Amino acid sequence: MTRPSGEPQDEAIKIPDVLPVLPLKDTVVFPYIILPLSVGRDKSVLAVDRALSESRVIMLVAQRDAAIDNPGEADLFEIGTAAVIMRMLKLPDGRIRILVQGLARARLQHISQVEPYLQAKIERIEEPEPAAPTMEIEALVRSVKESMDRAVTLGKGISAEVMVIAANLEDPGRLADLAASNLELKLAEAETILETIDPIERLRKVSDLLVREIQVLTMQQEISSQARGEIDRSQREYFLRQQLKAIQQELGEGEELAEEIAGYRHQAEEKKIPPEAREELERQIRRLERSHPESAETQIIRTYLDWLTALPWGITSEDDLDLDHAQAVLDEDHYDLEKVKERILEYLAVRKLKPDTRGPILCFVGPPGVGKTSLGRSIARSLGRKFVRISLGGVRDEAEVRGHRRTYVGALPGRIVQGIRQAGTSNPVFVLDEIDKIGADFRGDPSSALLEVLDPEQNFSFVDHYLGINYDLSRVMFIATANMLEPIQPAFLDRMEVIRLTGYTQEEKVRIARLHLIPKQLRENGLTEEQITFSEAAIREVISGYTKEAGLRNLERELAALCRKVAVKVARGEETRLEIDPELVEKFLGVRKHFAEELLNRDRVGVATGLAWTAVGGDLLFIEVVAVPGKGQLLLTGQLGDVMKESAQAALSYARSWAGTHGIADDFFGKHDLHVHVPAGSIPKDGPSAGITIGTAILSVLTAKPVNRRVAMTGEITLRGDVLPIGGLKEKVLAAKLAGVHTVIVPKLNRRDLTEIPATITEGLTFHFVDHMDEVLKLALIDEEPAAVPLEPPTVASEQPQTTTV
């Protein structure tokens, strides 16, 4: 803070023509102003000492460049101030502090001495005589005084002593120097005021500077009170940033933000982010730099940048292309499933020959528990890739796949991008579980959103709504799983290579239990092979009596229950070695939960054996028909679906046409109702493949000929009696084998499907391939009369109701 002197003292002190020169850095001293200075340079200290030893007067001149330590004549301004040294204090470090008072302006004519200190010949600049007072001068003086008062009111740090002196000053030159010395002007501005000799002109310039200072102070006050003013926007932003920078430095946040931004840029360099993503990254970083660290927008930007830099741009795992190793891994984890293993080996072979080939998009379809998801994990292990799985069952929001737009609160990327980040590579094995259970509502259709993900021609530029930029999914191996194909959209299904996983036979389950399930449960329950063993009969008893499924989940649960029972005995010290046999199975697990479908105890009229497909495998389906007095109606019971009802109607229409040519009374259908019933009425049943079974049962009633109980059949019937092909043949044949059937009637067009059924299933069965009902009747109906045995419908046991497709 500069202080004015009370009275002019230059009249009492004579200013010599040659004076020691003290160069000043970033400081200008005005006449009549008292100012403390710190002197540290050797030459400057010697100049002060010289001045004190003579007249105490020294020439104060500002340097043009403060960085120069040894300035010459060209480095100094021409106009300076002759000042008197009022006090001097020496400091322990060799520096000195002096208190000076300006006397008068002086011009530096030339430097007369450079060593050991600067000395120059000077010329005093006389102050012009005061002009006669005019209204303009008076107005200018008053304006400057009012501006100083206004600046103090707005918070300018001018002492009360200075304000009192300014209020009593009428000399324009003195007032201008006093005001300029208290405005904290830049060096160039202060030197301009010093070099302005005319007092009126000088006061005018100071008045302009005061106006600007008031504007700045007003702006600062508006920023503090969060009010918007009408001042130039660029100046407002400048001062706002300066204040923000000062606040951040005080709080220690400025460096943290800079380090954070540098970290984002470093990650972008490391991960080889493509140009489009790099441009978006830089744009968001610039927004982060301009934002307040604690604002909500800053947190949103940070989250976005975290996601953008965390994705594995250009990072891929190296595929293990050893076909023998892949075969060994797949065989180690899964029994059978040859088709799937063959497809994976084909991919590896192509990948080995053509490294830039795109990943396949497979769809495993099969009943629950057959190993669809675990097969995906094994594929990842055989390839040496990361494994990611997401469940899409019950997903109804499109944003679950594509992500939320960043305008929403709590927005996040979709589950595809989340899975890629979780994997840490751009080429994982990505399992989309339960795609047949995807829903759709007003929030969008996730199946349609997945079309882009699973399309090899589009997924190289997949756009997540949250990221807003392209991400390449073409190197990802997508594997979808489903229990049924019917609920899947056709366009969605068209993009995938479907591989069916059928249910396991009893022999396969025994092998899998031996190779995989039992060793796994022994490890999980802390048992060893010396403590517990399973006989093959015990395993078969668990499979047939305690599980009813195409897969292995319930079998694994029951084996785990047996292991826990043994673990209790071992822990108590009761047993050291226990062999599980069928008797112990019943003791530990209780009574049998399921009974295999049994054939009828004899051939009966009106009862035919059909084959059905369910979500847990194949099953026998008994069709019962009885004729009762009535008016020719068809009664259907057993919770049949629309398709199965139509099959029954078609079978009846065929039977009517057949009866007219085979000696059946013309009025039979007019006097009798036909009641068709399918037992296990709590289980919904639907599908067309029971058509020939219903037709056979009806014609058995019409001809009074029994149906061979060891003949099972499946096929769709037409009004002309033609037999059409069906699906799920493997599961149906397996059910027939387990039930003791020896003859299976199959549509002729299904002959090709028989080649895909393992020989262990078809062994002991006789297949007849038919294309008309006449052939079915010759094979199924028996000419001999049945014995009078009461009709006992078979029992169908099921753990829970489930739809049966026939």
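I compared the radius of gyration, taken over C-alpha atoms, with the globule rule of 2.2 Å times the number of residues to the power 0.38. The protein has 50 Å, whereas a compact globule of 806 residues would have a value near 28 Å. I then looked up the spans of the C-alpha trace along its principal axes, which are about 155 × 65 × 55 Å.

I noted that this is a predicted model, in which local features need pLDDT of at least 70, side-chain atom pairs count only at pLDDT 80 or more, and totals for chains, interfaces and linings use all residues. Residues are numbered from 1 along each chain as its sequence is written, and side-chain values use heavy atoms, with hydrogens and water left out.

I looked up burial (under 20% relative accessible area, 1.4 Å probe, protein chains only): 49% of the 806 residues count as buried.

I searched the whole structure for aromatic pairs (ring centres of Phe, Tyr or the six-membered ring of Trp within 6.5 Å; planes under 30 degrees apart stacked, over 60 edge-to-face, the rest tilted) and found 5. Tyr304 and Tyr466 form a tilted pair, because their planes stand at 55°, with ring centres 5.7 Å apart. This pair links distant parts of the chain, 162 residues apart. Both Tyr304 and Tyr466 are buried.

I also recorded Phe668 and Phe669, an edge-to-face pair with 5.5 Å from centre to centre and 90° between the planes. Phe668 is buried at a relative accessible area of 16%, and Phe669 counts as buried at 10%.

Definitions and conventions. Buried < 20%, exposed > 50% of the residue type's maximum accessible area, 1.4 Å probe, protein only. Helix = DSSP H or I, 4+ residues; strand = E, 2+ residues; numbered from the N terminus.
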